[in-house]
Amino acid sequence: MKNIITLVLILIASFSYAQKKLKRADNFFNKMWYVEAAKEYETIVMKGDYSFEVLKKLADSYYFNTDMKNASKWYETLVSEYPDKVEAEYIFKYANTLAGIGEYKKAKKWMQKFTQKAEKEDSRVEKFNQEKNPIETIVNMEPQFELKNLSINTQYSDFGPMYFGKQLVYASAQDSSVFHSRKYRWNEQPYSDLFLGNINALQTDVRRSRIFSEIINTPYHEATVAFSPDEKKVYFTRNNYDGGLQKDEQGVSHLKLYSATSIKYSDKYLKWVNIRELPFNSDYYSVGHPSVSKDGRKLFFTSDMPGTIGGTDIFVVDILGNNEYSEPKNLGPQINTPGREMFAYITERALYFASDGHQGLGGLDVFESVLEKESFTTPINLAAPLNSTLDDFGYIVQEGTSKGYVCSNRKSGKGDDDIYSFERFELPCNQYINGSVIDQRRKIPVENVLVQLKDKDGSVIGETKTKINGTFTFEDNYLCSASYDIEVSKEEYKNNSKSLTTTDINGETNSITLTIEKELNKLIISENGILKINIDIIYFDLGKSYIRDDAATELNKVVSLMNEYPEMIIKIESHTDSRGSDAYNLKLSKRRAKATGDYIISQGISKERIESAIGYGETQLINNCENGVECTDKLHDANRRSEFIIVKM
């Protein structure tokens, strides 16, 4: 008994210890202290707890800290242990981490699994469909950037560049002597401050000169700035700080946007004063990473405020003056996804932003969306080498020079996040073409259709065949702003073609749907736009309605045709000549119509495929041989007919 009691006490103590560890790990996770959270969850798993929630949070802790290798390892464990329970979002994250470690073939497989499991309303379903938008399209894109690591980068996080005259403002988490002890628990880096660097004449390097503003910098985070067109006003991101770090009930200090204005206090230096919090901030969600339009009228920013589609979205407000702004407006599903969109940068021609919700190479990738009549085009991944398997973000550019800066935590850097200068080269504008082919009548996909792409001279420049789901993809890329004809053909079908003009956006995929009509069986004819089955006259014995052998031969043609077209539905109409009384002829035709339908059903055709079998007697004569009119037997016989009208193919 004593041993049993001891064992029970040990089990209780062990359970209590495990619960404390889990509570501690969850507390770290909720505060977004992902380095500590990952350590705690991994200890819990090593003790044998492979529960669903623990595995999810362990993998997420690495994912949110961009440790793709460890995140992939634990997401793989999650989908293996709980294949039926795991949500689509975690399949998406697993696919993203696989891309993040360069395993694109495996990533493609799991991206497809994600599209099959996700809700149809999820905008990523279409974007990540590997039949229509294969990841190879991005992987194989021709490079158009040359990057150089800047001199200002340190072993810590350096990011968030922004032009300020001929200088560059940027954020750095370099471990200064002033704030040596303060660390941001997300990634165990020191809190970042704003610095000012001098851009060299070629715009290929930046050297640090001094702290941007001792008034703006605090012991906590300051990062990512934007300036008004005259550069007299600055918008910047900061922790929720009001003389001290403010936190919500979960212990999280959210990001906020602030503004400040400048005054000159010497020939060389500006002083930033009048620091004000923007009115759409909140203690319960984050607002940050500003960008101001070139006309100074709009402010773009990142937030997870209510109304967000995904983890974080890009929003915009109108700048009204006097620290007044319009209500924030979400940029919508063209830009934002159920993933993360952030670090917007707006120019006179395009919006650049980072996302892991549009298909990319892993982690955050930089995308470009061209501005057209106050709306944005489909975002295009800017591909390698600008993008990598890890996080790439904070893209800024001077459109006239094609030179700019971008941030990345790729392994070849000096530290955590580094800033790189880049030059973008003009490449031939190429696009991709895919689509689908459906049966014109049945509205279903048609497989094994030959699809040919022809140029304006009619020469075939691409050829492929549709898959079982009716889709096709031309493997090569084709010129932008060019006109093509796509022709589809298949045995027993009528050829069809459709014209396509590509857009002027490099890398865009053009999707087109074509229809193809099956050649009709020769028994099918059209009379005044009505499809009918054309067989020889069905003869009945005088005054009888039973099916004779010669009639059965003709009706078997109808049966064979309906087997050839399994979705065909018909209606039967039986007619007599005018000889005999009207009433007698009407009853006789009804019996013959029913007998005809019964015979077709007896040969295996479902009764639901015969919409009706109606006798019309002599009410629908096709000539003038009506009562009292003398006609030859041949003219009367023309009225003795059965018609098979096709209602549906």
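Me: How many cavities of 30 Å³ or more does the structure hold, and what makes a space a cavity?

Reply: The structure holds 3 cavities of that volume. A cavity is a set of points, on a 1 Å grid over the protein atoms alone, where a 1.4 Å probe fits but cannot get out. The model is predicted, and for that reason local features need pLDDT of at least 70 and side-chain atom pairs pLDDT 80 or more, whereas totals for chains, interfaces and linings use all residues. Residues are numbered from 1 along each chain as its sequence is written, and side-chain values use heavy atoms, without hydrogens and water.

Me: Why is α3 called roughly antiparallel to α4?

Reply: The axes of α3 (residues 52–64) and α4 (residues 68–81) cross at roughly 160 degrees and come within 7 Å. That angle makes α3 roughly antiparallel to α4, because angles over 145 degrees count as such, those under 35 as roughly parallel, 65 to 115 as roughly perpendicular and the rest as oblique. The contact of α3 with α4 comprises 11 nonpolar, 2 polar and 3 charged residues.

Me: What makes α3 oblique to α5?

Reply: The axes of α3 and α5 (residues 88–100) cross at roughly 45 degrees and come within 12 Å. This value makes α3 oblique to α5. In the contact (heavy atoms within 4.5 Å), Lys56, Asp60, Tyr63 and Phe64 of α3 meet Tyr90, Lys93, Asn96 and Thr97 of α5. By class, these residues are 3 nonpolar, 2 polar and 3 charged.

Me: How do you know that α9 and α10 are oblique to each other?

Reply: Helix α9 (residues 549–564) and helix α10 (residues 582–602) pack at about 55 degrees, with axes 10 Å apart. They are therefore oblique to each other. The residues in contact are Ala552, Leu555, Asn556, Val558, Val559 and Met562 of α9 with Thr596, Tyr599 and Ile600 of α10. Among them are 7 nonpolar, 2 polar and no charged residues.

Me: What is the phi of glutamate 231, and where is this residue found?

Reply: Glutamate 231 has a positive phi of about 60 degrees, although it is not a glycine. Most residues other than glycine have a negative phi. Glutamate 231 lies in the loop between β8 and β9 (233–239).

Me: Is the peptide bond from alanine 384 to proline 385 cis or trans, and what is its omega?

Reply: This bond is cis, with omega near 5 degrees. Proline 385 belongs to the loop between β21 (380–381) and β22.

Notes. Axes are lines fitted to C-alpha atoms, for helices over the stretch in contact, and angles run from 0 to 180 degrees between N-to-C directions. Helices (H or I, at least four residues) and strands (E, at least two) are DSSP runs, numbered from the N terminus. Ala, Val, Leu, Ile, Met, Phe, Trp, Tyr, Cys and Pro count as nonpolar, Asp, Glu, Lys and Arg as charged, and the others, Gly among them, as polar. On a 1 Å grid over the protein atoms alone, a cavity is a set of points where a 1.4 Å probe fits but cannot get out, and a pocket is an open set with protein on both sides within 12 Å along at least five of seven lines; lining residues have an atom within 4 Å of a point. Grid points are joined across faces, edges and corners, and a volume is the space filled by probe spheres set on the points.
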